[in-house]
Amino acid sequence: MSLLRRVSGRGVVAAVTVAAAAVGGVLTQSAAAPTAVQQQTALQQKLDSLLNDSRYDGSQVALVVRDATTGETLYDRNGGQRMLPASNTKLFSSAAAMDVLGPSYRFHTDVLATAPVRGGQLLGDLYLKGYGDPTALESDYAALAKQLKAAGVRRVYGNLVADDTYFDNVRLGDSWAWDDEPFYYNAQISALTLAPDTDYDSGTAIVESRPAATVGAPVQLDLVPANGVLKLVSTATTGAAGSPNTLSIEREHGTNVVRVTGSVPLGAPVGEEWVTVWEPQLYAADVFRRALAAQGITVGGRIKNAATPAGATRLARDESMTVGELMTPFLKLSNNMHAETLVKAMGAAAKAQGSWPAGLGVTTDYAKSVGVDTSRIRLSDGSGLSRKVNVTADALTDLLIGVQQESWWQQWYDALPIAGNPDRFVGGTLRSRMRNTPAANNLHGKTGSLTGVTSLSGYVTTKDGRKLAFAMISNNYLSSPRSIEDAVGVTLASWSDQAPAAAASTLRTAQPACELEWDKAC
């Protein structure tokens, strides 16, 4: 990166903005500034009218809009106020990962041994060592088993040892809610883990449910992938056709016992529920042991958790997709576990410490390098699940403007959800929002959702072809202002300095069907 960009930030941009204001009459709008001395542009008046909404009574909103090319500030309400950003935090962790690890970086998983293989016999333990791959599937563990078979291994006399020591043993993030812990978006972070499908929700399994053929019979349940770690305990029964589906599937806190209750109507389709796994490294080892058995390789010992001894010989390796490729499922679907894995991987790669403190330090350093005033923000995790994360709309727009100079920026930009595009891996968490508006297939942004929090930050091109960077965060509301976010996005996409956009207030009643980005149906 150029030295100029490394030292430039809002301080330099502010000077440009003041000069532009003096010439062109573009001034920022601040909630604290007296309106009597401000000269407002039509765009500022329009955005003010959207934010002067009763849903913000007693709550907070910040919105900053800037020219993405020059950095000029076009609108600023509470841009310097620290707010809870939810998943907008992922803008920091994803950008840092693309820079620190690099878009071509691949995670890997190794199989090792300290004893030689003679006559197909391994007279010792077999080690399964993870290096943080959040995309590892059952098929990847099957591929490792095939490599062992090809290497001539037929029997392991020792134990199968799960080694997740590449990361520390802190499984859950700072201030994560205990009652979220059983759900797929709040899985434990381990260097050795497993995802059940190509959403890559690492540290989870899927419970499939099917009604029986007769009313009153037990609901049929299956685990995907099959494993012996999760224990299904069910009292669920099949109800009459047309009766309510009251099925509940939830893992007990601190255990791998999954309680299944309620009723599924006769003839109902197959249901799916994602559940997290307590100690996912043992889950990965269990699935791997089954893959070994499918290849005719027997393990005489048990599964245990320990570090691989120094000097062990590698027998097999599986590699992940690249970090650049990972950006698509990560950002499109707002995958919390990908964010945290990348943070710990950055700590391991840059500081030889696969921990949150190390990785967040690296993330903060990167943000500072592209012009973010990191003295005014706090990053407590990589995903935004933590309610200790505090960032400003100023910081988000600084990041959005700064990263445009990176060689990998286009791949990162393409991975952001795109408003109104119904394809799940294109529109992502924005696929049901701003459809059939000027923002559709135009606005690229990162969403954020927590109780009492909604956020949207990204890029949008105006009707005049001017590219804007914007950040909007709403906190502590009782009635969701999500539709105001959409109205802001449509207003910016529709805006022309020659012919200002028509009112977007009709979006107030057009609430998106999905309010929370972690709803699998969204």
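Student: Are Tyr 366 and Trp 408 buried or exposed?

Tutor: This is a predicted model, in which local features need pLDDT of at least 70, side-chain atom pairs count only at pLDDT 80 or more, and totals for chains, interfaces and linings use all residues. Residues are numbered from 1 along each chain as its sequence is written, while side-chain values use heavy atoms, with hydrogens and water left out. A residue is buried under 20% relative accessible area, exposed over 50% and partly exposed in between, with a 1.4 Å probe and only protein chains considered. By that rule, Tyr 366 and Trp 408 are both buried.

Student: How many aromatic pairs does the structure hold, and which kind do Tyr 366 and Trp 408 make?

Tutor: Rings of Phe, Tyr and Trp (its six-membered ring) pair if their centres lie within 6.5 Å, and planes under 30 degrees apart count as stacked, over 60 as edge-to-face and the rest as tilted. The structure holds twelve such pairs. The rings of Tyr 366 and Trp 408 have centres 6.4 Å apart and planes at 45 degrees, so this pair is tilted.

Student: How many residues apart in sequence are the parts that this pair ties together?

Tutor: Tyr 366 belongs to helix α9 (residues 356-369), whereas Trp 408 is in the loop between α10 (393-402) and α11 (409-415), so the pair ties together parts whose separation in sequence is 42 residues. Helices (H or I, at least four residues) and strands (E, at least two) are DSSP runs, numbered from the N terminus. The separation asked for is therefore 42 residues.

Student: Which kind of pair do Trp 409 and Tyr 459 form?

Tutor: The centres of these two rings are 5.7 Å apart and their planes stand at 90 degrees, so the pair is edge-to-face. Trp 409 lies in helix α11 and Tyr 459 in strand β21, so parts 50 residues apart in sequence are tied together. Trp 409 is buried at a relative accessible area of 10%, and Tyr 459 is buried at 0%. The kind of pair is edge-to-face.

Student: Why can strand β21 be called largely enclosed?

Tutor: Strand β21 covers residues 453-461, and we look at how many of its nine residues are buried. It is largely enclosed by the rest of the structure because the number of buried residues among the nine is eight.

Student: How many bridges join β21 to β20, and how many join β21 to β22?

Tutor: Two strands pair if DSSP finds at least two bridges between them. Strand β20 (residues 444-450) pairs with β21 in the antiparallel sense, with Tyr 459 as the bridge partner of His 444 and Val 453 as that of Leu 450. Strand β22 (residues 467-475) also runs antiparallel to β21, and there Thr 461 stands opposite Lys 467. The bridges number seven for β20 and, for β22, nine.

Student: Which residue takes a positive phi in the hairpin of β20 and β21?

Tutor: This hairpin has two residues between its strands, and the positive phi is near 80 degrees. In the hairpin of β21 and β22, with five residues between the strands, Gly 465 has a positive phi of about 85 degrees. For β20 and β21, the residue is Gly 452.

Student: Which backbone oxygen does the side chain of Asn 88 reach?

Tutor: Asn 88 sits in the loop between β2 (73-77) and α4 (90-100), and it is buried at 0% relative accessibility. Beyond neighbours within four places in sequence, its contacts (heavy atoms within 4.5 Å) include Leu 396, Gly 448 and Ser 457. At 2.8 Å, its side chain reaches the backbone oxygen of Lys 446.

Conventions
A polar contact is a pair of N or O atoms within 3.5 Å; within protein, one must be able to donate a hydrogen and the other to accept it, and residues adjacent in sequence count only if both atoms are side-chain atoms.
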